[in-house]
Amino acid sequence: MKAGTRRWIAAGILAMAWLAGPTDALAQSAPSSSASGPAAVGVHFHDQTALRKEVSENRYTAGFVTGPPYSTEFAMVQDIATVLASGQETGPHGEVALRVLPMVGTGGVRNILDLLTLAGADMAIAPVVLVNRLRDAKTFGDIRHKLVYITLLHTEEFHLLVRPEIKSLADLAGKTVSLGEEDSAEDVLGREAFDALGVKINAVNLGLDAALDQLQHGQISAVLLLSGKPIKPLLALNARLDDIHFLPIPFSQALQRDFLPSKLEHADYPNIIADGQRIETVAIQSALFAYNWPPHSPRYDLLENFTTSFFSRFSEFLGPDHPAKWHEVNLAARLEGWERFRPAGRWLSLQSMGADAGRNGNAGAANPPGNPSQQKEQLFREFLKWRERQQGK
């Protein structure tokens with residue numbers, strides 16, 4: 001990791017530590033009053049008490065921190081919320097048995113810190129590389145005890161959109177480039193990528209609409225976005241921008257530690273990329289992280305209910321009306337260096353045992369993940385057990 005990156009993370013975390021007080025301030029309690037504190041480098045807080053997190057009284061709503069509204073990640077969380085809300089029984093007092101509430105974030109480090117500190121935040125989609133860095137910094141102790149992962153998700157690609165006169169990365173030297181919202185993943189990792197590639201840019205932080213407008217009018221030279229392809233707002237650029245194109249980002253040795261090779265193709269953006277053309281770019285791995293609530297606490301049980309529902313109904317996300325990025329997800333894939341949420345591991349183990357039994361001629365030993373009627377029956381039985389535990393608390 002470069003020295004500048006270490007300084008960025010250390011400064012942001014030290015500022016958080018100063019505002020929060022002791023390390024155990026990451027235990028959750030409610031924000032009560034607003035007070036302005038000093039600006040941190042890389043992470044900015046306007047409410048000191050927001051660094052504490054509370055246990056929500058709503059046992060049936062899981063808060064899900066995601067990226068900005070234009071991102072594929074936000075679309076996927078909306079997808080989860082819609083699919084899991086359908087066909088449910090209700091709770092003992094008429095509550096929805098499981099509700100997923102999307103919480104709009106900027107992505108990147110901010111999403112991770114929201115998950116650690118924000119009241120009502122149970123889960124977040126976050127770049128693995130940034131979560132690993134916070135873990136390795138250890139300013140808050142070992143956050144492996146504060147976070148667990150439910151599953152690896154998809155890759156998120158860099159999209160470098162430039163004006164007609166920009167033909168290579170070298171042409172961006174000294175030019176103004178929007179890196180998205182401050183502290184977003186494209187802001188943090190974009191600066192690092194340009195530095196690693198030896199391109200000194202004039203970085204600014206603009207929202208997507210403002211960035212595209214300024215790109216069109218020549219006020220900036222490029223816009224960098226980091227999200228799973230395709231990014232929906234980019235699919236309608238022809239009507240708004242002329243001669244704007246994607247610039248390749250080579251998978252050089254300087255980027256191999258934190259990034260993965262990827263590409264953008266005509267099928268991804270038929271209005272921007274010519275048929276048969278391929279744009280090299282780099283990507284990062286994302287994962288679904290959860291706050292590590294105490295076992296069998298109300299929030300833990302809620303996450304267990306979510307995980308069972310999500311995993312059991314995963315085949316429903318693979319249809320043509322859902323984001324294509326779902327096809328990259330392998331629920332059984334492991335994330336090195338992190339503990340998986342135990343109910344997720346247990347569910348996968350049961351499915352593996354059922355598959356083994358099926359291969360040995362005992363297909364009825366477990367419900368196959370792809371059978372919708374058996375999924376619903378199993379899900380309903382598990383819900384009844386979960387509801388009984390809630391009534392007994």
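This report walks through a predicted model of one protein chain, from its overall make-up to single residues.

## Overall make-up

The chain has 393 residues, and buried residues make up 50% of them. Its secondary structure comes to 9 helices and 10 strands.

Take the contacts between residues at least 6 apart in sequence: 78% of them join residues at least 24 apart.

In soluble globular proteins, nonpolar side chains tend to be buried together. Here the largest nonpolar core has 80 residues. Within this core, L160, L172, F306 and F310 have the most contacts. Strand β4 supplies the largest share of the core, 9 residues. A separate core holds 20 residues, including L206, L225, Y269 and I272.

Leaving out residues up to four places away in sequence, F306 touches F64, I80, L84, L98, V100, M123, I150 and L288.

Strand β4 runs over residues 147-162.

T151 is buried, because its relative accessibility is 0%. Beyond residues up to four places away in sequence, T151 touches A287, L288, F310, F311, V329, N330, L331 and R340. F310 is also one of the residues with the most contacts inside the largest core.

L161 is buried too, with a relative accessible area of 3%. Residues up to four places away in sequence aside, L161 touches L212, L215, S221, A222, V223, L234, L237, I244, H245, F246 and I272. V223 sits 62 residues from L161 along the chain, yet their C-alpha atoms are separated by 5.2 Å.

## A290 in strand β10

A290 lies in strand β10, which covers residues 278-291. A290 is buried, with a relative accessible area of 0%. A290 and T151 are 139 residues apart in sequence, but their C-alpha atoms are 9.8 Å apart in space.

Not counting residues up to four places away in sequence, A290 touches L115, D122, M123, K146, L147, V148, I150 and L303. Two of these, M123 and I150, are also touched by F306.

## Helix packing around α4

Helix α4 (residues 128-137) packs against helix α5 (residues 185-196). The angle is about 85 degrees, and the axes are 11 Å apart. The two helices are therefore roughly perpendicular to each other. From α4 come V129, L130 and R133; from α5 come A185, V188, L189 and E192. By class, this contact has 5 nonpolar, no polar and 2 charged residues.

Helix α4 also packs against helix α3 (residues 108-117). Here the angle is about 60 degrees, with the axes 9 Å apart. That makes α3 oblique to α4. The crossing of α3 and α4 is right-handed. On the α3 side, the contact is made by G108, V109, I112 and L113; on the α4 side, by L130, V131 and L134. The residues of this contact divide into 6 nonpolar, 1 polar and no charged. L130 of α4 takes part here and also in the contact with α5.

## Backbone features in the loops

- **K229 and P230.** A cis peptide bond joins these two residues, with omega about -5 degrees. P230 is in the loop between β7 (222-227) and β8 (245-246).
- **D183.** Its phi is near 75 degrees, a positive value in a residue other than glycine. D183 lies in the loop between β5 (176-178) and α5.
- **H296.** Its phi is near 70 degrees, again positive in a residue other than glycine. H296 lies in the loop between β10 and α7 (298-312).

Are D183 and H296 buried or exposed? D183 is buried, with a relative accessible area of 8%. H296 counts as exposed, because its relative accessibility is 53%.

How values were computed: Residues are numbered from 1 along each chain as its sequence is written. Side-chain values use heavy atoms; hydrogens and water are left out. Axes are lines fitted to C-alpha atoms, for helices over the stretch in contact, and angles run from 0 to 180 degrees between N-to-C directions. Helices (H or I, at least four residues) and strands (E, at least two) are DSSP runs, numbered from the N terminus. Angles under 35 degrees count as roughly parallel, over 145 as roughly antiparallel, 65 to 115 as roughly perpendicular and the rest as oblique. Contact means heavy atoms within 4.5 Å. Ala, Val, Leu, Ile, Met, Phe, Trp, Tyr, Cys and Pro count as nonpolar, Asp, Glu, Lys and Arg as charged, and the others, Gly among them, as polar. Buried means under 20% relative accessible area, exposed over 50%, partly exposed in between (1.4 Å probe, protein chains only). A crossing is left-handed if the near helix is turned anticlockwise from the far one by less than a right angle, and right-handed if clockwise. A nonpolar core is a set of buried Ala, Val, Leu, Ile, Met, Phe, Trp, Tyr and Cys residues joined through side-chain atoms within 4.5 Å.
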